[in-house]
Amino acid sequence: MALQVELIPTGEIIRVVHPHRPCKLALGSDGVRVTMESALTARDRVGVQDFVLLENFTSEAAFIENLRRRFRENLIYTYIGPVLVSVNPYRDLQIYSQQHMERYRGVSFYKVPPHLFAVADTVYRALRTERRDQAVMISGESGAGKTEATKRLLQFYAETCPAPERGGAVRDRLLQSNPVLEAFGNAKTLRNDNSSRFGKYMDVQFDFKGAPVGGHILSYLLEKSRVVHQNHGERNFHVFYQLLEGGEEEMLRRLGLERNPQSYLYLVKGQCAKVSSINDKSDWKVVRKALTVIDFTEDEVEDLLSIVASVLHLGNIHFAADEESNAQVTTENQLKYLTRLLGVEGSTLREALTHRKIIAKGEELLSPLNLEQAAYARDALAKAVYSRTFTWLVGKINRSLASKDAESPSWRSTTVLGLLDIYGFEVFQHNSFEQFCINYCNEKLQQLFIELTLKSEQEEYEAEGIAWEPVQYFNNKIICDLVEEKFKGIISILDEECLRPGEATDLTFLEKLEDTIKYHPHFLTHKLADQPTRKSLGRGEFRLLHYAGEVTYSVTGFLDKNNDLLFRNLKETMCSSQNPIMSQCFDRSELSDKKRPETVATQFKMSLLQLVEILKSKEPAYIRCIKPNDSKQPGRFDEVLIRHQVKYLGLMENLRVRRAGFAYRRKYEAFLQRYKSLCPETWPTWSGRPQDGVAVLIRHLGYKPEEYKMGRTKIFIRFPKTLFATEDALEVRRQSLATKIQAAWRGFHWRQKFLGVKRSAICIQSWWRGTLGRRRAAKRKWAAQTIRRLIRGFILRHAPHCPENAFFLDHVRTSFLLNLRQQLPRNILDTSWPTPPPALREASELLRELCVKNMVWKYCRSISPEWKQQLQQKAVASEIFKGKKDNYPQSVPRLFISTRLGADEINPRVLQALGSEPIQYAVPVVKYDRKGYKPRSRQLLLTPNAVVIVEDAKVKQRIDYANLTGISVSSLSDSLFVLHVQREDNKQKGDVVLQSDHVIETLTKMALSADCVNNININQGSITFAGGPGRDGIIDFTPGSELLITKAKNGHLAVVAPRLNSR
Ligand SMILES: Nc1ncnc2c1ncn2[C@@H]1O[C@H](COP(=O)(O)OP(=O)(O)O)[C@@H](O)[C@H]1O
Ligand SMILES: [Mg+2]
C-alpha cells in the first residue's frame, strides 16, 4: 500500500496521506495521528528517530522528552547520527524475531526505523565492503542492556550471515559460548539480575565471503570476591545455583552436594538464593547443552563441576581453635569431598588450610594459622580456584571457537568484528576494590568515546581547515589520569603500598592517597572534605567524582585484593591436583618463579590499555544503553536517573557536535575511489589530484554548497541523506557495472568457448581435408602412373615382355578376358569372337573351342531323341551329298520324316508277305523299266534286311542289303537313283532305276539301313547300270531349264535337270 507519511517540523505530528482514499485516522494521546493500518510504521515516527532532527537540539529537556515519548510507545531505539541510544524496556518487545532480522538485512540505515539490527547490518556491510575491522562498543551502566544487546547482535550475525563452507558449527559455538560464560561470570546484583561480573571483548572473524569462521574472547577481571561474599540482595555466580537446582540426583551425590543453596555458606551471604526472575533449572539445561556444543567431553564436564562443587565444600570448611589458638579443621566430611573432587592429598590440604609455609634463608618453615588467618586462606583458595577455572574456561572456549583451518588462505583475508560488553558503571552502598576497577574501566571507555567522537572530530575540523565553532564537553581524561597516572595515580600509590616493606594497611594506603592527591578536584576523603560533605564520608573511605557521578569507595580490602596472594603451600597443594583442569590452572613453574607477580590493579590497567589499542585499530560503532529505572521495572521512566545518564554519557555534546558537524568525511582518495564510477569524467580513472577529482565528481552529482565542505585532505558531508543518496546511486551504478562486467565476461567467456570450438572445427576440417586431399592426390598419382604405364606399355606393346610393358600387356589381357565374358557367342551358330591380343591368341583359341564345346554340349544335352535321330540322318545326308548333288541344299531345311507311307497305305498282303520283318521306312517311288524306261508307280519299303519294291499287293522285287552293291545318283537336281544289285544272283532282274520325290531322304535312310554310306556314287554326266543279263543301260544327265526324263534316240535314258545352284 502506498502511504505517504509526512513529518511536521516539530517532529511530533504525523500526517498520513493515502493517495487514493481517505483513511481512518486515530488521534494518539500525545497528538500523534496514526493510521490504524500502518500503526507500526507510523509508531516508529513517534518523536524523532534521530536526535539530529530535533528542533531544539541544545535542550536537554527536549532530548529527554523525545526519549520518553518513544519509550512510552515501546520505541527503545533512537539515533544520534550513527550512534544508537537504547533504553532498556525490561520487557520482551518481540522485536528480535527472524522477520525483524530480514527486515533490517541489507537495507540502508536511514530507510528503516532505528534498531539494533540496523546498526548490526551497517557494521557488517562496512566490514564486507571496506574490509576494515569493526568494533561495536556497547556502553551504559550496569543493567542498561549491554549484555542483552551483545547477545542480539551475535544472534543477528549467526542468523543472517552466510554459512561458512567448512565448519558451520562456528555459529553455534559463538552463540553457545554465551550461556556458559554467563553461568560462570554473571550474577544477580542489586542493579541487574544477570549482571556481568567480568568484562568481555569478543572478536568474530569473517572470511572474505562474509561467513563467520571463528571467534576469540578476551575476558577482563572477574569479580572473584563474589565467590566468598555477596552483599545483601545479591547472589554468587549463577553456576552454583544452577548446578544445585538442575543437576541430576546422581551427579549431586557424586559431587557430595545437597539440593539446597541454604546449606552452603558461600551462597547465603546475600540472603536471596532464590530469585523469581531467574529459572536456574532451565538455565542449567541450556548450559549443559552448550557445554557439549563448545567441545566439552563428558570427562571435562565432570572435572569442571567437581571444581564448582569443591568451591561450595570449601565454603563449608570450619575451623576451631586449639589450646594454642591454632586453627584446626573441624569439618572432616567436607575435607573428604574436597580431597576427592580436587584430587589432592587430604593431609596436605588440611595442613595447607591451617598452616603457612615460610621460606627463610632457604629453609622451609611451617607456621600455624589462627582462626582468622585460616578462614582467609580458605577464602583465598576458593577465589583462586574459581577465578583460575574461569580463565581456563575462556581459553577452552577460545580453542573451540578458533577457526579450524587457520592455515587456509581464506583465513588470512579474514576481517574481524569486535563486540565489547564490559561491566557498566556501578554505584552501591558499599563500593570496594571491584567497583573501583569497574568504574575505572568505564572511565577509560568514556575517554575513548570522547577521543573518537568529540575530541578527534573537532580536532579534525581544525586540521582540515573547516570553519568550526568548538563544542564544549566534559573531558574525563583528568579522572583517568587520577587513577592511572604513573607515581601520582591511585593505582601507583596502591601498588606502592602493597609492595612497601613494613606495616602497610588499607588505612595507610588512604593516608598516602590523601598525601599525594589531596588537591585533585575529583578526589575527596573525610579528612579533605568540608564540613557538610564530611558527614557523608566515612573515615575509611575516599570519594571519586567520576564522569558518571560520585562514588564513595571503602578502602577495606584494597591492599589484599590488589595483592591477591595465595599462600605458597596452598598453591603447592593445588599444583599436585589430579583434576586435569586444576593442574592446568596451577602450574608448577609458578612456584619456582621468584619474581613478584603484577598486582591486580596494574594487570587490569595494562589489559585496559591493550583493549583501548584494539578498539582504536577498528572502525567503531556505538550503542549507548540507558537504564530507565533502578527497580528493573518495565514502563517506568525515571527522569532523574535518565537525565543523569544522558549527561554523563555525553549524549548532548554528542548531538551538538553531530548537528554542527558533518555526518561523514572521507579522504579524497578513498571517496574518489569509491564513487568515481558515478561520473563519466572520473571513471574509470582520474589522472589529476584526487581533490579535483572529488570536486568534479560532486559537481556532477549535484551536491549543494551547504551539503559539503572540502577540507585539506578530506571531503566533509554534512547530512547523511546526501551520502545515502550517493550510496544509492552507487548501488544502481554497481548493478549496471556488474551487468556490464557480467556481459563482458560472458561475452569473453563464450567467445573463448566459440573460438575453442572453431579451432577444433578447423582442426578437424583441415585434418579431414588433408586426408581427403591426400587420398585424392594418391588416386591421381596412381591414375597418372597407370596412364603413363599404359602409354609406355602401349608404345612397347610389341617389344618382348619387359617391366615397362608388363602392366599394359597384363591390362590388355585382363581387359580382353573381362570383356570376353560379355562378348561370348550367344549360340552355336554365332561365330563371332572378339579379336584377342597377340599374347592371348592361343588362349583365345582354346577358350573359343571350350566355349563352342560347351555350347555344343549344352545343345546336345537339350535335344530330343527324335531330333537327334533327325540330325544324325541329316549329318549322314550331308556326308553323302553335300557339295555333290545339286538339290541337296534344298533338302537341308526339309525335315526327314520317319516314313512317308502309313501302315494303312501299304497293302496287308505285302505286310503278310514280309512276315515279322518290320518296315523301317516306306515311300512312294517311280520305277523306270530297264528296257523301255516306262515309269511305273511303286512303293519302296526298307526293312532291317532289305529294300522291298512293292506294286500294290505284290512284292515286285526284294533286294537284300547283302546284294546291294551300290547306289548311284547324278550330281544334278534330278531325283533319279539306281540301285546296283549283285549280278551273280540269277534271281535278280538287274539294277533298279527309281525316282523319289524325296531322293535325299530316301537314299540317306537306305544307306543307313543297308550300312552302305560309302557305296553311294554321285556321278557326273551319266550312270551305267546293268539292265539285265549281259546288257547294260545308260542314263545321261544333262542340266537344262526344266526336268525332263525321256528315252533318247540312242536308247539311253536322257534326264534334263534344272540347274538349281549356280556353282
Ligand atoms: N532490549 C531488551 N529487551 C528486553 N529486555 C532487556 C533488553 N535489554 C535488557 N533487558 C533486560 O535488562 C536486564 C539487564 O540487561 P543486561 O544486558 O544484562 O545489562 P548490562 O549488561 O548492561 O548490565 C536483562 O536481563 C533483561 O531482562
Ligand atoms: Mg552485562
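**A chat about the model**

Modeller: Happy to! Asp 952 sits in the loop between strand E26 (946-951) and strand E27 (954-960). Bear in mind throughout that this is a predicted model.

Colleague: OK, and what is the phi of Asp 952?

Modeller: Phi of Asp 952 is positive, about 45 degrees, although the residue is not a glycine.

Colleague: Is Asp 952 buried or exposed?

Modeller: Asp 952 counts as exposed, because its relative accessibility is 62% and the cut-off for exposed is over 50%.

Colleague: What about Arg 131, what is its phi?

Modeller: Phi of Arg 131 is near 55 degrees, a positive value in a residue other than glycine. Arg 131 is found in the loop between helix H4 (116-130) and strand E7 (134-139). With a relative accessible area of 35%, Arg 131 is partly exposed.

Colleague: While we're on the backbone, which peptide bond is cis?

Modeller: The bond from Trp 683 to Pro 684 is cis, with omega near 0 degrees. Pro 684 belongs to the loop between helix H29 (668-675) and helix H30 (690-701).

Colleague: Thanks. Now ligand 1: how many residues surround it, and which are the closest?

Modeller: Ligand 1 is surrounded by 16 residues, and the closest are Asn 88, Gly 143, Lys 146, Thr 147 and Glu 148. By class, that shell has 5 nonpolar, 7 polar and 4 charged residues.

Colleague: Which polar side-chain atom lies 2.6 Å from an oxygen atom of ligand 1?

Modeller: That one belongs to Thr 147. The backbone takes part too: a backbone N or O atom of Gly 145 lies 3.0 Å from an oxygen atom of ligand 1, and a polar backbone atom of Ala 144 is 3.3 Å from an oxygen atom of the ligand.

Colleague: And how much of ligand 1 does the protein cover?

Modeller: On its own, ligand 1 has 550 Å² of accessible area, and the protein covers 85% of that.

Colleague: Switching to cysteines, how many disulfides does the structure hold?

Modeller: The count is 0 disulfides. Take Cys 437, which is in no disulfide: the nearest cysteine sulfur, that of Cys 441, is 9.2 Å away. A pair would need its sulfur atoms within 2.5 Å to count as a disulfide.

Colleague: Is Cys 437 buried or exposed?

Modeller: Cys 437 is buried, with a relative accessible area of 2%. Cys 763, for its part, is partly exposed, with 48% relative accessible area.

Colleague: I'm also curious about separations. How many residues lie between Arg 388 and Gln 584 in sequence, and how far apart are they in space?

Modeller: Arg 388 and Gln 584 are 196 residues apart in sequence and 9.3 Å apart in space, C-alpha to C-alpha. Arg 388 is in helix H15 (residues 371-401) and counts as partly exposed at 21% relative accessibility.

Colleague: What separates Gly 902 and Asn 56?

Modeller: Their C-alpha atoms are separated by 164 Å, with Gly 902 and Asn 56 lying 846 residues apart along the chain. Gly 902 is in the loop between helix H35 (888-891) and helix H36 (908-914). At 24% relative accessibility, Gly 902 counts as partly exposed.

Colleague: One last pair: what about Lys 667 and Thr 339?

Modeller: Lys 667 and Thr 339 are 328 residues apart in sequence, and their C-alpha atoms are 65 Å apart in space. Lys 667 has its place in strand E21 (residues 664-667) and is partly exposed, with a relative accessible area of 42%.

Methods:
Residues are numbered from 1 along each chain as its sequence is written. Chains are lettered from A and ligands numbered from 1 in the order in which they are written. This is a predicted model: local features need pLDDT of at least 70, side-chain atom pairs count only at pLDDT 80 or more; totals for chains, interfaces and linings use all residues. Side-chain values use heavy atoms; hydrogens and water are left out. A residue is near a molecule or strand if one of its heavy atoms lies within 4 Å of it. A polar contact is a pair of N or O atoms within 3.5 Å; within protein, one must be able to donate a hydrogen and the other to accept it, and residues adjacent in sequence count only if both atoms are side-chain atoms. Accessible areas come from the Shrake-Rupley method with a 1.4 Å probe; for residues, only the protein chains shown count as cover. Ala, Val, Leu, Ile, Met, Phe, Trp, Tyr, Cys and Pro count as nonpolar, Asp, Glu, Lys and Arg as charged, and the others, Gly among them, as polar. Buried means under 20% relative accessible area, exposed over 50%, partly exposed in between (1.4 Å probe, protein chains only). Helices (H or I, at least four residues) and strands (E, at least two) are DSSP runs, numbered from the N terminus.
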